[in-house]
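Subject: Structure for your review

Dear colleague,

Please find below the structure that I am handing over to you.

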Amino acid sequence: MIANFGFGALLITFVVALYGIFAAVYGVRKNSLAWVESARASMLLTFPLLTLVALAIIALLVAGEYSVQFVYNVTSSSMPLYLRVTALWGGQSGSLVFWSWLMAAFASAVTLRKWERDREFLPWVIVVALVTLVFFLALILFFENPFGRFWQGANGQELVSVFRPAGATAITPSDGRGLNPLLRHPGMIIHPPMLYLGFVSFVIPYAFAIAALITGRSDDRWIRVTRRWTLVAWLFLSLGLVLGSRWAYDVLGWGGYWGWDPVEIAAFMPWLSGTAFLHSVMIQEKRGLFKRWNMILIIMTYSLVIFGTFLTRSGVLSSVHAFAQSAIGPMFFGFIGLTFITSLWLLLHRWNDLKAEGQLNSLLSRESLFLFNNLLFMGILIVCFWGVIFPIVSELFTGQRVTVGPPFYERATGPLFAGLLFLMGIAPLSAWGHSTYKSLGRALWKPFIFSLLVLAGVIALGVRAPFALLAFWLVAFTASITIYEYARGIAARSRRAGENIFVATWRLSGRYRRRYGGYIIHLGVILMALGIIGIEMFQDETQGMIPKNGSLTVGDYTVTYKSLAEWDTPDGRNVARAVLDVSKNGKYLGELYPRRDFYYESQQPMTIPGVRSTMEDDLYIILVDWQQFSDQAATFKVYHNPLVNWLWIGALVFIVGTMVAAWPDKDPEAEREKVPARARQREPAKA
Amino acid sequence: MENAALARPAKQNRSKFIIGGVLILAAIVYLIVSSTQANAQYFSTIAEIQQKNPASLKRELRISGAVLGDSIQYDAQNLTLTFTVVDIPADNKEIEAQGGLAAVLHAAVEDPTRARLQVVYHGVRPDLLKNEAQAIMTGKMGEDGIFYANELLLKCPTKYEEAVPEQSGG
């Protein structure tokens with residue numbers, strides 16, 4: 001019953017979306033406002049309709065309707081309610097529905113904005129958003145239907161179909177297969193929605209860009225309209241990436257947070273092009289440069305978003321995240337090719353309209369530093385893309401399949417990331433147009449001296465590796481510039497307005513959200529860099545079998561094995577849990593409990609590390625092996641991860657900064673922001 | 001622009017930009033090429049390794065095979081893992097044609113005529129290492145005809161719809 005209802009709603013959504021595309025195009029041709037309004041209404045309607053579809057699936061999941069194939073595949077009776085609900089994105093077809101539902105939410109939200117000033121964009125935004133949605137709905141309807149049910153055919157064969165095939169009888173399995181235990185983790189439950197939100201919200205700026213290309217409006221209106229959308233998309237994508245890393249660190253038990261897995265890279269690539277886009281649109285707004293480049297970036301980001309969904313969902317690449325192979329791969333490939341080529345064709349069509357309104361004057365100007373920033377982001381993107389496609393390319397040309405592992409990415413992207421970090425420090429100090437070495441030097445010398453002091457301190461602490469020293473110096477340099485700039489702004493305001501520093505900080509950040517939100521984001525990135533340097537360059541590990549009351553030493557830490565116990569839990573697990581005492585330089589710190597859960601139902605073990613986390617470092621212990629029915633000895637792997645906590649703290653700061661920058665404003669200040677910036681006085685001159 | 005003179009940069013400026021851009025591009029190309037060369041891993045099947053002279057297999061290899069359950073030995077004292085893998089096709093299409101990964105792994109383990117290879121790995125014993133699991137290994141062939149893996153990933157065709165995550169070691 002519910003399945004039929006959901007299927008019906010899905011079918012209606014598909015028809016409504018198709019109608020919307022048609023109505024929008026027809027409305028433009030006939031120059032009829034009524035048709036365009038009708039298209040707008042149908043786009044608005046897709047969200048409530050898809051909500052019904054998603055609710056129908058959730059109802060089936062919660063009710064445990066195992067006659068439905070999707071429900072059977074992702075849930076079982078032993079799963080608690082919240083996992084049954086979130087199982088919606090635990091399998092292929094459900095996650096496609098979920099993607100479409102989010103997409104429809106964003107598309108509907110767009111229809112509700114005020115369109116007076118950009119009427120001509122509306123029909124084309126509708127077309128782009130709905131074409132994307134129709135593609136996903138078609139995949140769900142024709143290839144990955146979540147409402148398919150099990151039937152026993154007349155000849156005894158098993159069938160999956162939404163409606164009863166002639167002469168078939170329904171089969172209802174008594175229980176489902178359940179969700180993979182590795183995915184039953186809070187990080188894994190919110191990681192996919194965040195990533196998907198990031199993916200789908202990038203569709204909106206793309207839709208506006210294409211609308212601008214089609215209507216031939218060559219100003220930066222599309223960028224101003226979508227600035228906040230882009231920031232929100234970027235925020236969710238960043239959140240998704242960070243949560244995924246945290247899950248890997250907590251659950252996968254290899255002491256790391258990022259493995260350069262192809263699917264990780266697939267989610268990282270749109271983030272890279274999106275970040276480049278966020279920076280380079282500022283140049284178009286302020287100086288009218290990079291118009292074509294911005295178009296290329298947003299088109300690329302859209303294609304990479306679909307490519308990312310394709311990689312995670314098609315099973316072309318074997319990876320931590322890949323679902324089973326399915327027929328939808330070629331469809332994705334076709335869709336990406338089609339949209340990419342169409343977009344590029346439109347861009348070439350408007351190439352001459354998108355002439356820059358000025359030119360780059362000086363290597364030291366803010367715009368040229370942003371250009372270099374873009375080059376570096378593109379460099380990292382190319383490294384990632386090369387790594388992902390290299391096996392295919394090498395097979396094509398040499399017949400030999402050759403792949404590259406994490407060391408390739410680390411080696412190739414390391415210097416590029418370092419370059420970005422450096423630019424992140426000096427670019428905000430440079431002026432638009434051009435700055436002189438003298439003025440830059442004036443702004444830089446204090447932070448530079450400070451960073452040298454930090455470097456001396458690091459050397460005094462015993463660090464000698466040249467790359468590590470360079471990395472620490474870069475972090476110190478960039479951090480002190482950023483903080484110094486922020487502090488100077490606060491001090492100036494505090495003096496001028498007579499406010500105390502807290503009020504001044506609050507008002508300043510509230511008034512120039514983009515600038516100071518940006519500084520906060522940069523600070524977050526610097527802290528994350530600190531964490532990454534710590535774990536990548538200073539990770540220490542040791543492993544071994546420890547007899548009872550014996551010890552293992554890593555860094556300043558000593559871990560002593562005390563005992564081990566095994567027991568069965570009511571939810572079908574066997575738990576083996578070790579108790580270890582941790583001490584540092586002879587001082588007792590507490591106990592850690594690394595454990596191994598064995599899921600009887602799935603015959604699958606899961607390793608849960610015991611972690612002691614401080615600002616300074618993490619001690620991360622994995623229970624590797626033990627003797628059954630005896631706790632005389634057990635084998636452990638112990639990691640010492642210095643500074644890694646700053647990775648997560650930095651991520652939080654980063655997210656706060658993005659929220660500051662994206663916060664909607666209602667004050668007249670914001671209205672001024674919307675006036676083309678070039679027509680007004682530049683921001684208060686800096687340095 | 002507010003200043004017409006600003007819009008026309010001097011010639012030497014343009015060449016500065018070109019030099020700067022070319023330098024960055026050259027750096028990126030260098031990084032990619034040199035990192036690729038330094039870290040290339042060559043896909044190979046077990047049958048291919050057996051046919052070639054092991055001495056010629058000096059380079060970093062990436063191979064995949066079906067784990068033979070009875071052969072797994074783990075020395076927890078020294079964290080030394082040894083096991084035998086059986087040749088399976090490397091091509092996804094071929095695997096699909098033979099009835100999917102699970103069927104291919106099962107057939108390989110049951111067939112004593114297939115090429116086999118002994119593997120040694122130092123480290124934590126992965127949770128998913130069991131009979132008829134697919135092992136994906138990176139490492140080098142030793143003079144003794146044993147494959148010394150420095151990275152070991154495992155995949156099991158399970159009852160879950162999604163592939164079980166690989167486990168990384170090494």
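A crossing of two helices is called left-handed if the near helix is turned anticlockwise from the far one by less than a right angle, and right-handed if clockwise. By this rule, the crossing of α16(A) and α17(A) is right-handed. Please note that this is a predicted model, in which local features need pLDDT of at least 70 and side-chain atom pairs count only at pLDDT 80 or more, while totals for chains, interfaces and linings use all residues. Residues are numbered from 1 along each chain as its sequence is written, and chains are lettered from A and ligands numbered from 1 in the order in which they are written.

Helices and strands are DSSP runs numbered from the N terminus (helices: H or I, at least four residues; strands: E, at least two).

Two helix pairs in chain A

Helix α16 of chain A covers residues 466–497 and helix α17 of chain A covers residues 501–511. Their axes come within 9 Å and cross at roughly 110°; axes are lines fitted to C-alpha atoms, for helices over the stretch in contact, and angles run from 0 to 180 degrees between N-to-C directions. Angles under 35 degrees count as roughly parallel, over 145 as roughly antiparallel, 65 to 115 as roughly perpendicular and the rest as oblique. α16(A) and α17(A) are therefore roughly perpendicular to each other.

Which residues of α16(A) meet α17(A)? They are G489(A), I490(A), R493(A), S494(A) and A497(A), and their counterparts in α17(A) are I501(A), A504(A), T505(A), R507(A) and L508(A).

Helix α5 (residues 92–111) and helix α7 (residues 186–201) of chain A have axes that come within 9 Å and cross at roughly 50°. These two helices are therefore oblique to each other, and their crossing is right-handed. Residues of α5(A) in this contact include F98(A), W99(A) and F106(A), while those of α7(A) include P192(A) and Y196(A). The contact holds nine nonpolar, two polar and no charged residues.

A sheet in chain A

An open sheet of four strands in chain A has the order β5-β14-β13-β12, with antiparallel pairing; two strands pair if DSSP finds at least two bridges between them. β5 and β12 (610–613) of chain A stand at the edges with a single partner strand each, so one side of each is left without a neighbour in the sheet. The twist averages 15° from one strand to the next.

Strand β14 (residues 633–642) of chain A is mostly covered, with eight of its ten residues buried. A residue is buried if 20 or more other C-beta atoms lie within 10 Å of its own, exposed if 12 or fewer, and partly exposed in between, with C-beta atoms placed from the backbone. Eight bridges join β14(A) to β5(A), and nine join β14(A) to β13(A). K637(A) in β14(A) is the bridge partner of Q543(A), and V638(A) in β14(A) is that of I621(A).

Chain B

Chain B has four helices and seven strands. Of its 170 residues, 34% are buried.

Yours sincerely

How values were computed:
Contact = placed C-beta atoms within 7 Å. Nonpolar A, V, L, I, M, F, W, Y, C, P; charged D, E, K, R; others polar.
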